[in-house]
Amino acid sequence: MKFNSKVIHGGQMHDPSTGAVMPPIYQTSTYAQSSPGKHKGYEYSRAANPTRTALENAFAVLENGTHAFAFASGLAAVDCVLRVLKPGDEVIAGDDLYGGSYRMFTKLFQQYGLRFSYVDMNDPKNVVNAITDKTRLIWIETPTNPLMKIADIEEITQQVKLVSNSILVAVDNTFATPYLQRPLDLGVDIVMHSATKYLGGHSDLVMGALMVKNEALAKELHFIQFAAGAIAGPMDAFLALRGVKTLHVRMERHCKNGKAVAEYLVKHPKVKEVYYPGLENHPNHEIAKKQMDDFGGMVSFKLKDESKEATFTFLENTKVFTLAESLGGVESLVNHPVTMTHASIPEEERLKIGITDSLIRLSVGIEDIDDLIEDLEQALDATT
Ligand SMILES: *Cc1c(COP(=O)(O)O)cnc(C)c1O
């Protein structure tokens with residue numbers, strides 16, 4: 001099937017007992033057994049739940065994987081990947097990372113003996129040069145949050161696997177979604193999502209996902225999910241499955257509106273810089289074009305007036321764009337990374353890579369583009 005059909009039908013079947021087209025919300029913790037150990041494939045909902053199974057099957061198909069796992073949050077999914085590692089193991093991550101991932105690496109896992117190094121993944125050589133005989137995992141985010149940097153997934157993966165086949169490569173595919181890029185097809189081992197964002201798509205749940213195409217790795221991840229317990233509940237699984245079925249039509253509009261907003265901002269006399277991989281002057285536009293089918297709905301920018309006052313005036317004056325954390329829902333959101341999503345990154349670290357007080361991040365929704373542009377226009381006007 002083509003992607004646009006897989007989004008709706010991938011891994012799905014009608015409920016065998018009633019023919020229900022959508023899987024029921026199996027709001028149950030446990031399952032009757034006819035004799036000890038004799039059951040219908042479900043024993044206890046931490047291990048598996050039919051609504052979650054339906055969602056996980058859909059998730060696996062979307063990323064061209066064989067297995068998927070749905071978690072209580074995106075960070076619970078990141079946590080599951082890190083638990084594959086042992087004390088002393090090293091992780092190489094990008095230097096522009098979702099704040100919560102960075103916080104988990106530095107504040108939670110470092111104390112258990114995992115070592116993290118951060119490199120600019122714009123250049124695959126930086127990744128290869130950071131590899132040691134202890135390296136066990138490469139953590140790639142592309143496009144990055146919030147600077148929209150692009151890493152060449154295929155090139156990095158090939159070069160890493162040349163050094164050692166036992167190094168796992170994982171991609172946080174939250175920003176692109178499988179509509180735009182499918183990392184498992186490019187050779188990576190694990191795809192991670194905050195399904196809270198585009199996969200769910202309606203700002204009504206918090207959820208994470210992992211997708212893989214290797215049986216042994218799937219077994220290991222499922223064991224950790226089961227043993228650590230951070231599963232997605234049946235109600236959220238139902239909502240995410242409903243959300244994901246419109247991923248393709250939502251993404252098509254997100255991309256169209258994102259591009260229009262980026263092009264509008266580039267031309268605006270009050271705007272200093274726009275970060276959007278679809279712009280021809282984006283430093284990695286060519287790589288973005290190669291590995292993504294379009295450029296998504298996330299746009300960051302800085303005003304020429306880099307004062308906190310001007311930035312805050314803009315943020316306080318948008319009306320269609322809601323000032324809020326998160327992204328990827330149908331509604332447009334605006335975010336101030338320094339005080340909101342990326343507050344956990346030390347000032348020195350974020351300034352080094354360009355996350356300044358003047359950086360504004362937009363999650364461009366699927367409203368009418370005229371209303372979005374008009375809203376940006378009046379908020380920019382307010383900054384004088
Ligand atoms: C939101 C986000 C996460 C964390 O996911 P939660 O669902 O909030 O736990 C991880 N990576 C990226 C890129 C995100 O945007």
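Guide: A polar contact is a pair of N or O atoms within 3.5 Å; within protein, one must be able to donate a hydrogen and the other to accept it, and residues adjacent in sequence count only if both atoms are side-chain atoms. Here, a polar backbone atom of G74 is 2.9 Å from an oxygen atom of the ligand. This is a predicted model, in which local features need pLDDT of at least 70 and side-chain atom pairs count only at pLDDT 80 or more, while totals for chains, interfaces and linings use all residues. Residues are numbered from 1 along each chain as its sequence is written, and side-chain values use heavy atoms, with hydrogens and water left out.

Visitor: At what distance from an oxygen atom of the ligand does a backbone N or O atom of L75 lie?

Guide: For L75 the distance is 2.9 Å. S194 uses its side chain instead: an N or O atom there is 2.8 Å from a ligand oxygen. On its own the ligand has 380 Å² of accessible area (Shrake-Rupley method, 1.4 Å probe), and the protein covers 92% of that area.

Visitor: How many residues surround the ligand?

Guide: A residue is near a molecule if one of its heavy atoms lies within 4 Å of it. The ligand is surrounded by 15 residues, the closest being G74, D172, S194, T196 and K197. By class, six of the shell residues are nonpolar, six polar and three charged.

Visitor: How does one find empty space inside a protein?

Guide: Rolling a probe the size of a water molecule over the atoms shows where empty space is left. A cavity is a set of points on a 1 Å grid, over the protein atoms alone, where a 1.4 Å probe fits but cannot get out; lining residues have an atom within 4 Å of a point. This structure holds two cavities of 30 Å³ or more.

Visitor: Which residues line the largest cavity?

Guide: Among them are D95, D96, D120, E141 and K149. The lining of this cavity has four nonpolar, three polar and five charged residues, and the space inside is about 70 Å³.

Visitor: How many charged residues does the lining of the second largest cavity have?

Guide: That lining has no charged residues, but eight nonpolar and two polar ones. Its residues include F175, Y198, F295 and M298. The second largest cavity has about 30 Å³ of space.

Notes. Ala, Val, Leu, Ile, Met, Phe, Trp, Tyr, Cys and Pro count as nonpolar, Asp, Glu, Lys and Arg as charged, and the others, Gly among them, as polar. On a 1 Å grid over the protein atoms alone, a cavity is a set of points where a 1.4 Å probe fits but cannot get out, and a pocket is an open set with protein on both sides within 12 Å along at least five of seven lines; lining residues have an atom within 4 Å of a point. Grid points are joined across faces, edges and corners, and a volume is the space filled by probe spheres set on the points.
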